[in-house]
Every structure is written in C-alpha cells, then in structure tokens.
Amino acid sequence: MTDVKDIYQEQESAEETFRDHLSTVDKDGKRVWVYPKKPKGRFTNYRSLVSYLLLLFLLGAPFIKIDGQPFLLFNIFERKFIIFGQVFWPQDFFLFVIGMLTSLVFIILFTVVFGRIFCGWICPQTIFMEGVFRQIEYWIEGDYMAQKKLDKQPWNKEKVTKKTIKHTLFVFVSIIIMHTFMAYLVGVNEVWSIIQGGPAENTGGFIAMVVFTGLFYGVFSKMREQVCTTICPYGRLQGVLLDKQSVVVAYDHVRGEERGKFRKDEDREALDKGDCIDCKQCVFVCPTGIDIRNGTQLECVNCTACIDACDSIMDRIGKPRGLVRYASEENIAEKKPFEFTTRMKAYTGVLIVLVGVLITLLLVRSDFETTILRTPGILYQERDDGMITNLYQVKMVNKTNNAMDVRFELLEPKGQIEMVGGEIDLAEQGIGEGAFFVIIDPSDISKMSTMISVGVYSGDELVETVETKFLGPTN
C-alpha cells in the first residue's frame, strides 16, 4: 500500500504545478521514472493492430522488390533514392523539396484538425516503445506496481535474472532494428555482405552497426518518453498549431467536475459531484506520466490509454463512456459540433495545390537526365574544310532498370556530331559521361551565339531533346 500512497502523493503535488515543469522531472531536476500501467480496451486493441501492421511493413519493406529494385531505398552515401521502385537521383532534388513541403503542410493540417494523433498511432518511437519494448517489460517484470517493486528491491537472484533477460532481449531487438535501418540506407544485399565479411573486412560498416545498435538500445531502454517530451520538436509545435477547434484526447471537465470519490448508491448530482471519481487510472496508464485532466499538454502523445482506462471505470460505476475522449476544447466547453474552420480550409487548399504539383512533376518526369555543356575555356575551332566545331561534355543519368545504348544527332540547325572516345553505354540506373564535337557549316551560323538542339536516341527512339549554345564567327 505504501507504493500506491506514494503515487497518489506524487500526483497530487504534480497537479498544483504541472505547467511549471515536466511531469518526468522532479523539483531537484532529477529524472522521475515512469511506470505506466498496462492499458486495456478498444482503442488499445485498434492501436495495437495498427502497430503490428506498421511493424510488418517497416521490417518487410527492404525485402520487397519491384522489377528487381528495392521498394524503398534511401542511399545517402551514393545519393540514390528508390521510392516505390522508382529511382531518384540528385537531379530530382526539386521533387524531394516539393515532397517535403507537401509532407510538412500535411502534418500541419493533420495537427490543426486532429492534434498529435500521429505521435500516438504512427510514430516509430511510439510503435517500438509501446508495441515492442514495453510489452517485453510487462512480460518479464509484470505490470507497473511489480516493476516499481522490483526496481526498489536489492539485487538478488530474481532481480538479476529478470533484468538480464529483459536487457538481453532489448539488445536483440535493437540489433534487428539497426539491421533494418541499415537496409533502408544501403540495401539488403550490402547489409548481408557486411555480415558475411565480418568486422575485419568491413570495419567501417561494423562500427556503424554497433553505434546504431547502441543508439536504439539507449533510446528505448533509457530515454523512452524523454524523446517525446524534450527532444522531439513536434510536441512544442502544438502550442502554435492547436486551437479550440482541434480534436485532441481531452478530459470533459464540464461533465467531470467537481471530482469526488465514488460511494455506492449515492446521488452524485444532488451532492454537486461530477462523473470523475478521482481514481487516477488515467494517470497510471499514461506513458509520459501526465494527468490528462489538467488539459492539453505538450507531453501528451494522444496514445488513447487514458481513454480506455476511464471508459473501463465508467462501465464499472454505471456512467456513460467518454469522460476522456477525442474532442475539441470548443466541443467540451460550448457543446459545439466539429467545424471545418477557415484555417483548416486554407491549409487544405495549399495541400491540394502542392499534391497536384507533385503528381504532375512525377508524371512528366523523364527516365533520362542529360546535361550537355560546352567545354569551358575553349572557343570555337575552324577546320581545314571551313567547318566550325565546338567541343561539349555530356553527362547522362539512366533512371530506368534497363541498360541503354545511346547516340546523339544534331536536330537544329543542320550539322553533325562526332563522338570523342566512342559511344556512351548506359548501365541500368547508371551514369554515363563522354564528349563530342558539334560540327556546323558557317553559312548556317548567323550570330556569335546560336542555340542548337541535340537529340538523344536509344535505337530509333528519340528519348530526350537538349538545347545548348554554339559559338561561332559572325557573318
């Protein structure tokens, strides 16, 4: 009973000054370890299902291939990115910028309308923490009171055994996460090559894997909710993005106050008591250690554990569910239904425009990227037969999954192209470089700088047209 009293006393003290400090830091600035009670209920079941599906996708995506290419690859070392089987190179960076702007606006719109629901349902930090590591902890050490008791007891056989097993499993899961993370960066085949080669052949890769394993282990075994409350900037953005119309996990203070302990067969309305019986179950299940009854707080990740805990209590005392629920401040205080506000409409409009631009650019995106530039520092040359030549450097990027043989033809004006060092062979998803002379009759040149069009052919198919400048004498 002493532990329960301590929890109540700690919470009562926190209620008085909850906005003056983080719920996981005491008055001396020391870490307050959070022991959340294992949640149960319909939202927990829904969230668990979403977590399992996302975990399956996250762990399985590196092994999915489309036309022999990874489904997702973010190779920052070779500046090569594959999304849904489509290869993107640095030349497609503008698509990345537009995609990031679209994602940012989507997050803003999503937060304005639905609060921090992303954190509780989709964020990898929450999924791994609550869906994997916390479940291991519950399985080995028991629920929140058993965990707290275990941490307070001296190091005996039981404590050493349980802690050893738990942290061994934590390290093992961290290794799996690290290998998955590396597979997204360098590909499954490269990760497997590093594993087979061992530390001696792949010292750099091995060190990177050890470092990342340590980071993941430290985040999920030690940092935990501190990532959400002190490191991640998204929680602090809530103060700017949320308004009275935003739907968040909220306590219905109109219905719940005044709080009072539950006594069987009492008339709570006659005693001017609300539906909240001050059982603090919503506090016990919170993974960030807050009291949702204090209102919207940056530590709240909208995980819905408090909703399930409160609903179970309401069922037991014969009160309707929803004392803690998804609702807006306006909905609770003024009983107003959800309204699509002007700000929401504005964000939606911007989002639609950005999505439209992104889709259009993806549809018109070329499978080839050819850059033709005059060789710097060299003027035109005049041949013995009187023809004028310019030397050009060419660089090509093949974004397809097929090798290509390419050739160049001068489309406008009349003339010919003479390759230097042979034709360019483009490997699949490869980069090719070369040089060629453009040869034009001086009678077809009317000014010092003339725009010319060079056709890039693969077989008999014109795959791209590139314009560049040709220098020559004036007539």
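A: Buried residues make up 45% of the 475 residues in this protein. The model is predicted. Keep that in mind throughout.

First, the setting. The protein has 16 helices and 16 strands. Its radius of gyration is 32 Å, whereas a compact globule of 475 residues would have one near 23 Å. Along the principal axes, the C-alpha atoms fill a box of roughly 110 × 60 × 40 Å. Take contacts between residues at least 6 apart in sequence: 68% of them join residues at least 24 apart. The accessible surface comes to about 25,700 Å², and carbon and sulfur atoms account for 61% of that surface. Charges are counted too: 53 positive and 60 negative, with mean positions 11 Å apart.

Now the loop. The part to look at runs between helix H12 (253–256) and helix H13 (281–284), and aspartate 275 sits in it. Glutamate 258, aspartate 278 and lysine 280 lie in this loop as well.

Next comes aspartate 275. Its relative accessible area is 12%, so it counts as buried, the cut-off being under 20%. The side chain of aspartate 275 makes a polar contact of 2.6 Å with the side chain of arginine 255. Arginine 255 is also on the contact list of aspartate 275, along with Gly256, Arg268, Met314, Ile317, Lys319 and Leu323; that list leaves out residues up to four places away in sequence.

Then aspartate 278. Its phi is near 55 degrees, a positive value in a residue other than glycine. Aspartate 278 is buried because its relative accessibility is 17%, under the 20% limit.

With a relative accessible area of 2%, lysine 280 counts as buried.

Now some sites elsewhere. Glutamate 412 and proline 413 are joined by a cis peptide bond, with omega about -5 degrees. Proline 413 belongs to the loop between strand S11 (404–412) and strand S12 (416–420).

Threonine 44 is a helix site, in H2 (residues 42–60). At 9% relative accessibility, threonine 44 is buried. Its side chain makes a polar contact of 2.7 Å with the side chain of aspartate 308. Beyond residues up to four places away in sequence, threonine 44 touches Asp308, Thr304 and Pro39.

Glutamine 147 is in helix H6 (residues 144–152). Its relative accessibility is 3%, so glutamine 147 counts as buried. Setting aside neighbours within four places in sequence, glutamine 147 is in contact with Tyr35, Glu137, Tyr138, Glu141 and Gly142.

Conventions. Residues are numbered from 1 along each chain as its sequence is written. This is a predicted model: local features need pLDDT of at least 70, side-chain atom pairs count only at pLDDT 80 or more; totals for chains, interfaces and linings use all residues. Side-chain values use heavy atoms; hydrogens and water are left out. Helices (H or I, at least four residues) and strands (E, at least two) are DSSP runs, numbered from the N terminus. Buried means under 20% relative accessible area, exposed over 50%, partly exposed in between (1.4 Å probe, protein chains only). A polar contact is a pair of N or O atoms within 3.5 Å; within protein, one must be able to donate a hydrogen and the other to accept it, and residues adjacent in sequence count only if both atoms are side-chain atoms. Contact means heavy atoms within 4.5 Å. The radius of gyration is taken over C-alpha atoms; the globule rule is 2.2 Å times the number of residues to the power 0.38. Accessible areas come from the Shrake-Rupley method with a 1.4 Å probe; for residues, only the protein chains shown count as cover. Lys and Arg count as positive and Asp and Glu as negative; His and the chain ends are not counted. The place of a charge is taken as NZ of Lys, CZ of Arg, CG of Asp or CD of Glu.
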